[in-house]
Amino acid sequence: MRRAFAALALAATASAQGMKIQISGAERARYKIAAPRPLGDADLAAELEDALAMDFRMVGLFDVLDPRGFLAKLDVEGMGIAAPDWTSVGAQGVIKARVTRVGGDAALEARFYEVARPLAPAVERTDRAAVADVRRLAHRFANDVYRHLTGEDGPFLTRILYVRPSGRAKDIVAVDVDGHRPTVLVANGADNVLPAWAPGGDRIAWTSLLWLNPDLFEARLGARPRRLSRHAGLNIGAAFSPDGRTIALTLSKDGNAEIYLVRAADGEILARLTDHPGIDASPSFSPDGAQLAFVSNRQGSPQIWVMPASGGAAKRVTFQGNYNQSPRFSPRSDVSQIAFTGRDERGRFDVFVLDLAAGTTQRVTQNQGDNWEPTWAPGGRLLAFASSRGGIWVATPDGQHQAQIVKGAAETPVWSPMRK
C-alpha cells in the first residue's frame with residue numbers, strides 16, 4: 001500500500017515576462033537552469049555552487065545543466081550573460097554570482113537572468129553572512145529565484161528535525177534542508193522521540209524517557225526544556241494546532257491510548273477527543289485546524305481515520321492494506337491530502353499519499369527498501385521520510401525525484417514551517 005500523490009507537473013511557458021513555471025497540469029517539463037561556478041573566492045564559490053545546485057535539483061522542477069557542457073566564456077561574461085551561448089546548451093535561466101571574503105564574512109552579489117530577456121537580471125540580491133553560513137546565502141537567493149519562477153515561497157531555508165541514536169540513548173537533531181549544519185537540540189542521555197515543530201518554527205515538543213515515564217517536553221530553541229505533560233503512562237505523538245495554542249497527543253492515563261487536546265502553554269487537558277477500546281494515536285491537524293487524522297486499530301488493524309478536531313464521529317479513510325500508520329495532512333489549503341506509511345502485500349513499508357476528495361491513493365516509493373514516517377515541506381511540494389536505504393530522503397510527491405539528505409541512522413523526520 002503506498003501512494004504517491006498527484007504528480008507534480010510543470011509546464012514552462014513563455015510569456016512577455018519571460019519563462020515561468022506553473023506547478024499544475026499532467027505533463028512534466030522541467031525548467032533548464034544553469035548555475036556556473038561563482039566568481040571570487042574559490043573555496044566559497046565551490047560551496048555556493050554546490051548549495052545552489054542541490055536546492056534546484058531537490059524540488060524536481062528544474063534540470064540543473066552540467067557545467068561541462070557550457071559554451072559561454074565565463075571569464076569574459078563576468079556577471080552578465082551572452083544569450084546565444086546559453087540558448088545553444090538549452091538553458092532557460094542562468095545564475096551568475098560573485099562571492100568574496102570581507103573579514104570573517106562572505107559577501108554575495110547574485111543575479112538570475114532569463115535567457116529570453118538577457119539585458120537585465122530578473123532577480124538580484126546582495127547579501128552578507130558569516131563565512132560558515134555561506135550556504136545560507138545560496139538558500140536565500142534560491143528562494144528569490146524560486147518565488148520569481150513559481151509565485152510560491154521556496155523551502156530552502158527550512159530545517160528538518162529527526163531522531164538520531166546516540167549510544168543507548170536517542171537525541172533530537174535539526175538539519176538544514178540540504179542536509180548540512182546538523183545541530184543537536186536535545187541530548188540528555190535518555191530516549192527522546194517523536195519531535196514536533198510549533199507553527200512559528202521557534203519551539204519544539206517531543207517525548208522523553210528522562211524521568212522513566214514517556215513524558216511530553218517542550219522548549220524554545222536554545223532555551224531550557226520544560227515537562228509539559230507527565231500523566232502516568234503515554235504522553236506521545238504531539239501535534240501542534242495551526243495556531244500553536246493547543247496540542248493533540250496520545251495519553252494512556254486512564255488505561256487505554258486515546259487522543260486528547262491540551263493547552264500548549266501549560267499542558268492542561270482541554271478535551272478528550274477519542275473514546276474507544278481500540279488504540280488511537282499519531283494525530284495530525286488539517287491546515288485549517290478543523291480536522292484531525294489519526295491511526296486506530298478499532299476495526300482490527302491499524303488504519304487512518306479522520307475526525308473533527310473538536311472531537312466527534314470518526315471516519316475511516318484507508319481500506320487497502322492491513323497496516324497503515326503515521327498520517328500527515330498536507331499543509332496546502334487547496335488540497336485535502338494525507339501522506340502515510342503503509343505496508344504492502346509483500347510486507348514492505350512504503351510512503352503513500354491519500355487524496356481525500358478523490359478517494360484515491362498513490363505510491364511515492366516502491367522497490368526501494370522500506371520507507372516510512374513521511375513529513376511534508378511547508379509548501380506541500382516535497383516529502384521527507386526515513387528509509388532503510390539509510391538516513392532521511394526528500395522526494396517529490398510523485399516519487400520521480402528522490403535525494404538523500406541525511407546519512408546514517410535517523411528516525412521520524414519532521415519538516416519545519418517556512419522560515420525567512
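Colleague: By class, how many residues in the lining of the largest pocket are nonpolar, polar and charged?
Modeller: In this predicted model, that lining has 31 nonpolar residues, 15 polar ones and two charged ones.

Colleague: How much space lies in the largest pocket?
Modeller: The largest pocket holds about 1200 Å³ of space. It is lined by 48 residues, and those closest to its centre are Ala239, Pro283, Ser284, Arg328 and Val414.

Colleague: Which strands each supply at least two residues of that lining?
Modeller: Among them are E16, strand E12 (192-197), strand E20 (280-285) and strand E32 (411-415).

Colleague: What is the order of strands in the open sheet that contains E16?
Modeller: The order is E16-E17-E18-E19, and the pairing is antiparallel. Strand E16 (235-240) and strand E19 (269-272) each have a single partner strand, so one side of each lacks a neighbour in the sheet. On average, neighbouring strands of this sheet are turned by 30° against each other, direction ignored.

Colleague: How many bridges join E18 to E19?
Modeller: Three bridges join strand E18 (residues 258-263) to E19. Leucine 261 has alanine 271, in E19, as its bridge partner.

Colleague: Let us turn to the second largest pocket. What is its volume?
Modeller: Its volume is about 280 Å³. The lining consists of 17 residues, and Lys315, Arg316, Val317, Leu354 and Leu356 lie nearest the centre.

Colleague: Which strand gives the most to the lining of the second largest pocket?
Modeller: Strand E22 does, with three residues. By class, this lining has eight nonpolar, six polar and three charged residues.

Terms used: Residues numbered from 1 in each chain as written. Predicted model: local features only at pLDDT ≥ 70, side-chain atom pairs only at ≥ 80, totals over all residues. Heavy atoms only, no water. Pairing = 2+ DSSP bridges. Helix = DSSP H or I, 4+ residues; strand = E, 2+ residues; numbered from the N terminus. Axes fitted to C-alpha atoms, helices over the stretch in contact; angles between N-to-C directions. 1 Å grid on protein atoms, 1.4 Å probe; cavity = no way out; pocket = protein on both sides within 12 Å on 5 of 7 lines; lining within 4 Å. Points joined across faces, edges and corners; volume = space filled by probe spheres on them. Nonpolar A, V, L, I, M, F, W, Y, C, P; charged D, E, K, R; others polar.
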